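Please open the model in your viewer and keep the sequence panel beside it. The stops below go from aromatic rings to nonpolar cores.

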Amino acid sequence: MKDAFGAPQSMLVLGGTSEIALATARRLIARRTRTVWLAGRPSPALETAAADLRVLGADVRTVAFDALDPDAHEITLGKVFAEGDIDLVLLAFGVLGNQSRDENEPGSAVRVAQTNYTGAVSSGLVCARALQAQGHGSLVVLSSVAGERARRANFIYGSSKAGLDAFAQGLGDALHGTGVHVMVVRPGFVRTRMTTGLPEAPLATTPEAVATAIETGLRRRSETVWVPGALRVVMSALRHVPRAVFRRLPI
């Protein structure tokens with residue numbers, strides 16, 4: 001298999017300017033990856049990301065992709081797969097939103113849900129079908145610990161990630177035995193542009209640490225990866241805290 005031992009020769013990034021995705025691409029290019037597709041809204045940032053990866057020795061191409069335009073996903077992504085097998089698809093797009101604004105502006109809340117969930121369902125299914133047709137490959141989905149239990153501080157974002165997480169788990173079960181591997185990655189607070197200015201949560205991590213965990217998970221054919229690993233225990237405990245107590249916790 002071309003993507004054996006967690007070292008894909010080719011990868012497609014949905015969310016081509018994601019800091020976590022780019023850290024993952026850099027790490028994989030240093031190992032074995034030679035072809036990278038960065039899918040995202042056309043922008044200078046997308047072209048800069050592509051140029052930076054080319055310096056590392058990869059053949060990097062960009063493709064216009066908008067999570068909020070699911071009607072175009074099948075055609076857009078189909079053209080990528082028509083160019084050759086893709087060993088790894090990294091679904092890395094998403095928006096955090098602004099909780100206080102989104103509660104008062106339902107349209108903004110809907111945009112968060114449509115980006116993080118609806119857009120991921122659409123593009124995820126298109127890619128899953130293509131991976132299944134070629135008979136191999138991995139689909140890595142960036143979820144979040146925020147989806148484990150809705151918190152007052154970010155329940156709109158958290159609910160969208162909860163839906164994404166459940167979808168990815170179900171998709172993994174549906175593809176079991178087909179040669180396609182689905183891995184759900186649940187990072188905690190990651191220091192990125194998206195979280196700049198927010199109070200840092202305990203067990204905060206970096207894009208590079210998430211990238212390392214993704215590579216390790218691919219090598220082990222893991223189905224779920226927590227970053228950092230200690231969050232698995234923390235969230236297991238929080239999941240069972242009585243609701244009346246949970247809503248009073250300073251989290």
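A residue is called buried here when its relative accessible area is under 20%. With that cut-off in mind, and remembering that this is a predicted model, begin by selecting F65 and F93, both of which are buried. These two residues form the 1 aromatic pair that the structure holds, and the pair is tilted, with 5.6 Å centre to centre and 50° between the planes. Colour the flanking elements next: F65 lies in the loop between β3 (59-64) and α3 (73-82), while F93 lies in the loop between β4 (88-91) and α4 (99-104), so the pair ties together parts that are 28 residues apart in sequence.

Now move to R149 and F246, where the charged end of R149 sits over the ring of F246, 4.0 Å from the centre of that ring.

For the next stop, show L12, L14, F81 and V89, which touch the most other members within the largest nonpolar core, a set of 31 residues. Among the elements that give two or more residues to this core are β1 (10-14), β2 (35-40), β5 (137-142) and α6 (155-175), and the element that gives the most is α5, with 7 residues.

Which residues is L12 in contact with, leaving aside its neighbours within four places in sequence? Centre the view on L12 and display W37, A39, L77, V80, F81, I86, L88, V89, L90 and C127, all of which are in contact with L12.

Finally, select M11, A21, L22 and V210, which are included in a second, separate core of 30 residues.

How values were computed. Residues are numbered from 1 along each chain as its sequence is written. This is a predicted model: local features need pLDDT of at least 70, side-chain atom pairs count only at pLDDT 80 or more; totals for chains, interfaces and linings use all residues. Side-chain values use heavy atoms; hydrogens and water are left out. Rings of Phe, Tyr and Trp (its six-membered ring) pair if their centres lie within 6.5 Å; planes under 30 degrees apart count as stacked, over 60 as edge-to-face and the rest as tilted. Helices (H or I, at least four residues) and strands (E, at least two) are DSSP runs, numbered from the N terminus. Buried means under 20% relative accessible area, exposed over 50%, partly exposed in between (1.4 Å probe, protein chains only). A charge sits over a ring if NZ of Lys or CZ of Arg is within 6 Å of the ring centre and within 35 degrees of the ring normal. A nonpolar core is a set of buried Ala, Val, Leu, Ile, Met, Phe, Trp, Tyr and Cys residues joined through side-chain atoms within 4.5 Å. Contact means heavy atoms within 4.5 Å.
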